[in-house]
Number of protein chains: 6
Amino acid sequence: MYFHEKRLQYPVKVENPDPVYARMLQQAIGGIEGEIRVCLQYFFQGWGNRAPNTKYRDVLLNTATEEIGHIEMLATAVALNLEGAPASLQETAAASNPVMNAVMGGGERPRHAVEGMLHRHILSTGMAAFPANCDGVPFDCSHVYASGNIVGDMFANVAAEATGRTLAVRLFNAAHDKGMQDMWRFLIARDTMHQQQWLAVIDELGGLTEGLPVPNSFDQNEETKEFSYAFFGTERNGVPVQPGRYSQGPSLDGKGEYHFVQAEPLGEEPVLGPARPDSGAQKEQMSEPPTNTSLRR
Amino acid sequence: MYFHEKRLQYPVKVENPDPVYARMLQQAIGGIEGEIRVCLQYFFQGWGNRAPNTKYRDVLLNTATEEIGHIEMLATAVALNLEGAPASLQETAAASNPVMNAVMGGGERPRHAVEGMLHRHILSTGMAAFPANCDGVPFDCSHVYASGNIVGDMFANVAAEATGRTLAVRLFNAAHDKGMQDMWRFLIARDTMHQQQWLAVIDELGGLTEGLPVPNSFDQNEETKEFSYAFFGTERNGVPVQPGRYSQGPSLDGKGEYHFVQAEPLGEEPVLGPARPDSGAQKEQMSEPPTNTSLRR
Amino acid sequence: MYFHEKRLQYPVKVENPDPVYARMLQQAIGGIEGEIRVCLQYFFQGWGNRAPNTKYRDVLLNTATEEIGHIEMLATAVALNLEGAPASLQETAAASNPVMNAVMGGGERPRHAVEGMLHRHILSTGMAAFPANCDGVPFDCSHVYASGNIVGDMFANVAAEATGRTLAVRLFNAAHDKGMQDMWRFLIARDTMHQQQWLAVIDELGGLTEGLPVPNSFDQNEETKEFSYAFFGTERNGVPVQPGRYSQGPSLDGKGEYHFVQAEPLGEEPVLGPARPDSGAQKEQMSEPPTNTSLRR
Amino acid sequence: MYFHEKRLQYPVKVENPDPVYARMLQQAIGGIEGEIRVCLQYFFQGWGNRAPNTKYRDVLLNTATEEIGHIEMLATAVALNLEGAPASLQETAAASNPVMNAVMGGGERPRHAVEGMLHRHILSTGMAAFPANCDGVPFDCSHVYASGNIVGDMFANVAAEATGRTLAVRLFNAAHDKGMQDMWRFLIARDTMHQQQWLAVIDELGGLTEGLPVPNSFDQNEETKEFSYAFFGTERNGVPVQPGRYSQGPSLDGKGEYHFVQAEPLGEEPVLGPARPDSGAQKEQMSEPPTNTSLRR
Amino acid sequence: MYFHEKRLQYPVKVENPDPVYARMLQQAIGGIEGEIRVCLQYFFQGWGNRAPNTKYRDVLLNTATEEIGHIEMLATAVALNLEGAPASLQETAAASNPVMNAVMGGGERPRHAVEGMLHRHILSTGMAAFPANCDGVPFDCSHVYASGNIVGDMFANVAAEATGRTLAVRLFNAAHDKGMQDMWRFLIARDTMHQQQWLAVIDELGGLTEGLPVPNSFDQNEETKEFSYAFFGTERNGVPVQPGRYSQGPSLDGKGEYHFVQAEPLGEEPVLGPARPDSGAQKEQMSEPPTNTSLRR
Amino acid sequence: MYFHEKRLQYPVKVENPDPVYARMLQQAIGGIEGEIRVCLQYFFQGWGNRAPNTKYRDVLLNTATEEIGHIEMLATAVALNLEGAPASLQETAAASNPVMNAVMGGGERPRHAVEGMLHRHILSTGMAAFPANCDGVPFDCSHVYASGNIVGDMFANVAAEATGRTLAVRLFNAAHDKGMQDMWRFLIARDTMHQQQWLAVIDELGGLTEGLPVPNSFDQNEETKEFSYAFFGTERNGVPVQPGRYSQGPSLDGKGEYHFVQAEPLGEEPVLGPARPDSGAQKEQMSEPPTNTSLRR
């Protein structure tokens, strides 16, 4: 069950509102690298965690709950960057609303026209954030990865926090407002920790040796082991890939030896049965029986 | 540029076609853990790879090209499992088409009614695969992760192959046909290698120490380091999380010390400006000026 | 900022797990009438609320926070209904896992085959909930309505809780497990209150007279008032609609009189300019100038 | 069955074409507040209306049919605003096509570059409207709400017309062309009526007392009535919400008394069974049986 | 502008309601081969038609208007097939509602359980149609093809009616109810005509010679004509494709000669610049300047 | 199975990088008229092709494989156009990176600000292409048309190449860089051939007479032939459509005679049964039995 406080997790201040920066910030809310994604991802991983005890469920729910507060910070940042934004094709930012202009201090700030804004900030939200990315594409919950395999999910979490911190760094670099920069210093630090903590869970669960390959519950004797540590080259003329850690030496899981193999087809040309007479195909797809039926026997 | 051979990368045979299994297989084609995803992910990571040389671009394109052949194998498997499937509400599988029945040998096989099938295999594809998951939801290319940060992308690739191998194991376990089981033994082996090879690239690029946190090009002195290795507890009453690798000891990147902190709000309650008069809000949203403007200054 | 407790808001117990009911429950999680939607909707309305004070922001955030706990309850209910579910085409529910079977008491319960299940509960989540509806279509955040007009948003909230309670009643009626029925008795009661509380906000903001039409900040003298309270009949032969509250008597906002009007075109046939020569159209679309240009002058 | 006339429902004229305004207009076509949505929503509500008679079916179909004409008006407005728009990176609006320029009168008009336009107006439609919103996100029919509960649906209709009229007002305010302003005066008036007519249907069906809570066919004795009129506070430290109509006094449906309750967990910590051995989870998720099984009994 | 009549375009009767057939019918409503698609496609092609006169605009709008009536017929067919359908896991179809059972005549009919149904027919629509396909995936208006090139659009229309008639034939073959079969006989006939009429427009506009290649307004001397009629073989070892109309003889547009060419790369290996220092990439992506810059000069 | 070469199919060079043109190019990658679509469409048509022999399967796979190389060319073109693009709100294109500026020759080039770019090129991809259209909407594989009817699919292919070439012509016209123009000359030529080759397959399979109507395997005596060649006028007052090839003379398939018919309703007003008592509808929807049950008998 959940509770809230009115105060933000960390201060969010905007001295020089910039409606184009508001657009950029949307990526950190509703982009696939954004906060809604990690929030829901940790929640669903936690709520569905099957394990002998609730240790990792708790870890996940603690951090999921933190992430709601990050969405809140960013939604606040979007709204503050939209103060004084233009709402018609004739206006420019911050010139539009004299009262607001005075209230905000009238300092030096970028002036943008409607053209560079996300129009839905004007037309659909009344100058506020919405759960979509910087192009206005709504967040789609298929990006909430929760596979039921905890190590697989932890790698997905590391990936999410890695692209999340990459996005945060880009938004820090693109920012010109001190308040925004300060907010990012905090959120970048949190992304650092979140990368580290999910790696720590992998480490506890056997790390890169016992934990792998995911799922480690599958008996590797059942797989065609001949191909389990082979780098397949698919260059048309057999030119090998430049040698690297991935093509020679012991595998990272300690269970095999990387080696390079030029890929060649091991199967046959597939042959499907003709269309059945009542299947809505053309007549020409139905007449002759296939002569090579090897694949289906 | 690309080339093909008519033969499959590995044999795909189906003795006992099963249209419900055809449905399950769709997840490995058009699901987010499926082959279209990794294929396009490696292609876009490769085509957009910015680096001093083309080493990793080549690695990525070699494997991306292999993955096309995996989609082909699975599409073939779907079509073969749909041979003799029912197409109307009265039929049952394999009873429907006497010619096909004879051709296929008439052995023991499961009989399924239309109800358990993916109806679009009948109505929309004429008994063939399509680029959607096992519920018929089309693959959506927002799942092609290519962030421009190579280590972040490699973690995304490991995650994709980890959930991919998990799915493959589940499909192996659900299969009752020897040909299908043999196909999965091969594809599971390839997923083993693909997990290992992307981890090897991370290793080459500094591994879990120099490579992290992603992006490692951001100067950590710019982030609020006080929070960079702190596990934030969000339990309402301050109950700490059960101690673990994520809350004590040196961090995996060797740059900090994990520690537990009970989270408390550091910011203030946010206050937004009122709605502007011409913004389509209610009158009641416009009248009073905000009295607390601290957040915007 | 947000906090959590490990205990659920209300007990969730399942005596007789039913994997098909688990499928149905997904609609209440990731359907458009479900809990993710209202949770995010109240959050974004609250975070973006522009008003002279924070009263309604607080109301919204209190209830948004409650809704996270509802998603948690339903996710738990899905996982519990999937205990003992089949994972291959040969199994039936609860026969699959003898240990689990014993643990759960072995009572009378429905036995379902994989065919009736959402296959992704097996293939993608490892027998747990995910943020999608009962057909596996992921929740899409475009359903988070937050327009910046508080009365409009409150109507959207009433609508969400009305369809939400309708869904809850249907799931109550479809349930055969006492624990599930008890959970729904609670959630239906909460939906009752949520309908009532959003209507109460409308009431405080002027109700059906001063609050309407939405937005009430637009001067109705600017609209073509002749058509503001006219029911337009579009029956081809002028047959009027059966009279009702919507076609006669004073309007509910007290600002007009409903009346019936047979609709007739008041505009002209539109004429567009021809395609420009370099626009990728066919040559035949470019040659003649339009002779009737009245619409563009 | 349906018929058409070539003339528009109301005149659509554009003196000063503006391709950026064409972009904004797309929101009223393919946005969730737009005309495609209400058109299809009323159609599906009407076609599926289950009731003792066809009265409301007819009301719905009369208005649904009117809405097709509104989409037509807006599609025409988009095309007229794109007359003379630039199609390459070097052009500016209306300078591009001298013939068109002359035809259109050469008056004072805004000049926009391609950058501010929706590029698909150039690349994909040949300077015409398409069923997407102002960011080019296609309309998705999941927004067609038709629940089978007529009062729930009417609230959804009021909400759609409320956000629709809010959008219309914003587009009126953003417009600088007299023809466009006149079109909006008409459409805003129609949105006024549509809000009023759906409220009138609610009124006929029992209004805010007998009609509620939706669905009114569910016996409220079956719900946990203790919580049916309670406002749950979720502030961490028990700070109550500011009192209002939603927390005190008789409920709007006349069936209860609003009151404030500080929310506390009434359930227990959920415990899920461990992963089954063949489920693709990690080994570590399988070993120990859960010790607390209270939730599943 | 648009009008309606209460009667359907053609009779829709269902003697033996079948809720699984209701599911199948959804494909013809909200599938990509369905009626919503062609309806909106013809409307948007008509409303945006740029041409010297309104001839084809009128043709398009006449047929678009007809298609609304087809959606109406199918929505009615879905609702009638859901009469007496089960709504809980214990029921079977038509046993559920004794009154309805008697009303409908009690004849021989298939009995289906909830498992084979589209659950949203129960949970979300109250036993009525909705604008989604047979898997419950909502129709997405990106499938409304209207390119601004009339011949391109006509080919898209022929394709839509070809897959539409294919679907209709499959649904006719799957039907067991005489009323449904009769409805399909009519709709299949209309699809025949619609294929023919769009081909007739292509014919009027120059047919397969003058009309092609689309767009015919582009001067073919601008394209690299050497490759304009060459079939490129991409078989790895140069095995040519089996000869056919597509690889020899005069082209269908009369402007070239088909011939087979084994494809070989004509370009170079692409080289991208390294990542910029502030771009959120890894340090290792930034250090060395590219040595081969030929592609960028 | 598939192979690759490092060299591109055709040279891709960019002298004057333009980040806004990079945005436009995305439409040719991930737009519905783009290369991912045709690539996957031909692959799935080929892999699922049911026919007496593999002739068309081979044709499809040869061209599908070519298309991968086109996506590669365009992805390269996007990345090259993003060299030197701005990454913050203060920069302008090509001024941003002095090293890159020098490397690229410093010639005359357009300077664009971040505002006109696709922000995700900065925030999400690190200045590279991604599988989305020019508005950042991800490609959705529901656009991969493969119906199982080969002639229907060939029309879909012609339509795809027709809109594809239209897009290519528009991008050629919008381009100002010689390298880009040269790339388009090649790709436009390939689109010419692809239109021609799919038409050639239709020709081989009976052309516009024996091949039609699609599917030609359905006995036209089963359809209501009275309406198979009738153009239905839906003008409200019976105004006929302007005569054309579509309304008079022999049909293109040679099997009928086009004629004009004013459409009139042939069915009755539909009547649905009332809502069942436990269906979550309002009480008012349940009470009276329908009096007109003609449609259901």
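Two residues are in contact if their C-beta atoms, placed from the backbone, lie within 7 Å. Keep that in mind as you read these notes on a predicted model.

1. Let's start with A:Glu161, which sits in helix 6 of chain A, residues 150-174. Leaving out residues up to four places away in sequence, A:Glu161 touches A:Asp191, A:His194, A:Gln195 and A:Trp198. Is A:Glu161 buried or exposed? A residue needs 20 or more other C-beta atoms within 10 Å to be buried, and A:Glu161 counts as buried because it has 27 such neighbours inside 10 Å.

2. Now look at A:Glu67, part of helix 3 of chain A, which covers residues 55-81. A:Glu67 is buried too, because 24 other C-beta atoms lie within 10 Å. Apart from neighbours within four places in sequence, its contacts are A:Glu35, A:Val38, A:Cys39 and A:Tyr42.

3. Finally, turn to the nonpolar side of the model. The largest nonpolar core has 606 residues, and those with the most contacts inside it are A:Leu171, B:Leu171, C:Leu171, D:Leu171, E:Leu171 and F:Leu171. Setting aside neighbours within four places in sequence, A:Leu171 is in contact with A:Met24, A:Leu25, A:Ala28, A:Trp184 and F:Leu123. As background, nonpolar side chains tend to be buried together in soluble globular proteins.

Key: Residues are numbered from 1 along each chain as its sequence is written. Chains are lettered from A and ligands numbered from 1 in the order in which they are written. This is a predicted model: local features need pLDDT of at least 70, side-chain atom pairs count only at pLDDT 80 or more; totals for chains, interfaces and linings use all residues. A nonpolar core is a set of buried Ala, Val, Leu, Ile, Met, Phe, Trp, Tyr and Cys residues joined through C-beta atoms within 7 Å. A residue is buried if 20 or more other C-beta atoms lie within 10 Å of its own, exposed if 12 or fewer, and partly exposed in between; C-beta atoms are placed from the backbone. Helices (H or I, at least four residues) and strands (E, at least two) are DSSP runs, numbered from the N terminus.
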